[in-house]
Amino acid sequence: MKKKLLINGKNTFVISETLLNVLSEINLIDNENMAIAVNEQVVQKNNWKNYKIRSGDTIEIVKPLKGG
Amino acid sequence: MSEFLKIANKKFKSRLFMGTSRYPNQQIMLDSLEAGKTEVVTVAIRRISLKKYNENIIDILKKKYFILPNTAGCYTVKEAVLTAELAREALKTNFVKLEVIGNEDDLLPDIENLLPAARELVKKKFNVLPYCNDDPVVCKKLEDIGCSAVMPLAAPIGSGLGIQNKNNIEFIVRQSNVPVIIDAGVGTASDVAIAMELGCDGVLLNTAVAEAEEPTLMAKAMAEAINAGRNAFLAGRMPKRLFAKRSTTNKGRINIVKKN
């Protein structure tokens, strides 16, 4: 069954079970400086592989960009 | 100059911190950072685009510069703390330039939210560099919380108005036991020199260089102003007087006597 996630403010439907698989399912290439929070908690990169995603999760995927 | 600026456990030779935003293009940004002889550059933390290519500036910057992430655009304690935590995860740094603003129009700090955000981040072992008002009371509170520096504004972000309240900045410098970095509002090199002459430990700027007609040349001017201002501060300026005081002796001057 598909899970409904809110990824960077957008409703997204996925079949993946883990955070790492969600990234590949939405075609997001892993980036060295990417960081992720699920439900306002940072998930460290070494936990992406095992982190279980649940329907209704809110995911923020960020990276450093130009800023002042 | 052989002296260093020390913030938390880091030592810097350069006292000019530069932002990486709003330059006409990436090459001009890189040339400007080079001309400014900066060591610390700021970056923002933003959502990745799920559709298009996401530029990667970190690979280019990290070879040469100490990267200071900011929490620009955060309005609440929660947003600022989460952004800082994401920055730490993304960049493997405990340093954060903490910005908590009140509204979009003036981008001024929201002290009611800044203080608890700073407190929480210090508790989480961040080295917090808070962007704050030019208010000695607020700066003292931030220092007492355990911030690694205080960063009072010269004027609103991007305004280029220069230091609006020299007395307060001088007061902040005198009372502070942590570095004082002027953040935001400088417009040109003399603003930077004034900040340094007042005894500030450094200046963080972005728009003044990025929006100059020739950013690279302005960056060079800023670097020179940092050094000139710092040296003037260390040299100790002469006292100000209300009246003239001659610098050349009158002894031996010609004196034409009127003949009757």
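Biologist: Where does B:Ala221 lie?

Modeller: B:Ala221 lies in helix 9 of chain B. This is a predicted model, and the values below are computed from it.

Biologist: Is B:Ala221 buried, exposed or partly exposed?

Modeller: Burial is read from relative accessible area: under 20% is buried and over 50% is exposed. B:Ala221 has 23% relative accessibility, so it counts as partly exposed.

Biologist: How far apart are B:Ala221 and B:Val192 in sequence and in space?

Modeller: The two are separated by 29 residues in sequence, and their C-alpha atoms are 9.5 Å apart.

Biologist: Now the interface. How is the size of an interface often given?

Modeller: It is often stated as the accessible area that is lost when the parts come together. Here, chain A and chain B bury about 2600 Å² between them, and 57% of that is on carbon and sulfur atoms.

Biologist: How many residues does the contact take from chain A and from chain B?

Modeller: Chain A contributes 27 residues and chain B contributes 33 residues.

Biologist: Which strand of chain B is joined to strand 5 of chain A, and by how many bridges?

Modeller: Strand 4 (residues 40-47) of chain B is joined to strand 5 of chain A by 5 bridges, and the two run antiparallel.

Biologist: Which residue of chain B meets A:Glu40 in a salt bridge?

Modeller: The side chain of B:Lys78 meets that of A:Glu40, at 3.1 Å from N to O. A:Glu40 is in the loop between strand 3 and strand 4 of chain A, while B:Lys78 is in helix 3 (residues 77-91) of chain B, so the pair joins two chains. A:Glu40 is partly exposed, at a relative accessible area of 45%, whereas B:Lys78 is exposed, at 58%.

Biologist: And within chain B, which residue forms a salt bridge with B:Glu3?

Modeller: B:Arg230 does, with the closest N and O atoms 2.7 Å apart. This pair links distant parts of the chain: B:Glu3 is in the segment before strand 1 (5-7) of chain B and B:Arg230 is in helix 9 (residues 215-235) of chain B, 227 residues apart. B:Glu3 counts as partly exposed at 23% relative accessibility, but B:Arg230 is buried, with a relative accessible area of 7%.

Biologist: Which residue forms a salt bridge with B:Glu99?

Modeller: The partner of B:Glu99 is B:Lys97, and the closest N and O atoms are 3.2 Å apart. B:Glu99 counts as buried at 5% relative accessibility, and B:Lys97 counts as buried at 3%. Elsewhere, salt bridges that share partners join B:Glu3, B:Arg15 and B:Arg230 into one network.

Biologist: In what order do the 3 strands of the open sheet in chain B stand?

Modeller: The order is 6-7-8, with parallel pairing. Strand 6 (95-98) and strand 8 (151-152) of chain B each have a single partner strand and stand at the edges, so one side of each is left without a neighbour in the sheet. Strand 7 (residues 127-132) of chain B pairs with strand 8 of chain B over 2 bridges. Within that pairing, B:Tyr131 has B:Met151 as its bridge partner in strand 8 of chain B.

Biologist: Last, the backbone. What is the phi of A:Asn27?

Modeller: A:Asn27 has a positive phi of about 60°, although it is not a glycine. A:Asn27 lies in the loop between helix 1 (19-25) and strand 3 of chain A, and counts as exposed at 65% relative accessibility. B:Arg22, which is not a glycine, has a positive phi of about 70°. B:Arg22 is found in the loop between strand 3 (16-19) and helix 1 (26-35) of chain B, and counts as exposed at 54% relative accessibility.

Terms used
Residues numbered from 1 in each chain as written. Chains lettered and ligands numbered in written order. Predicted model: local features only at pLDDT ≥ 70, side-chain atom pairs only at ≥ 80, totals over all residues. Heavy atoms only, no water. Contact = heavy atoms within 4.5 Å. Buried area = accessible area lost by both parts, 1.4 Å probe. Pairing = 2+ DSSP bridges. Helix = DSSP H or I, 4+ residues; strand = E, 2+ residues; numbered from the N terminus. Salt bridge = Lys/Arg side-chain N within 4 Å of Asp/Glu carboxyl O. Buried < 20%, exposed > 50% of the residue type's maximum accessible area, 1.4 Å probe, protein only.
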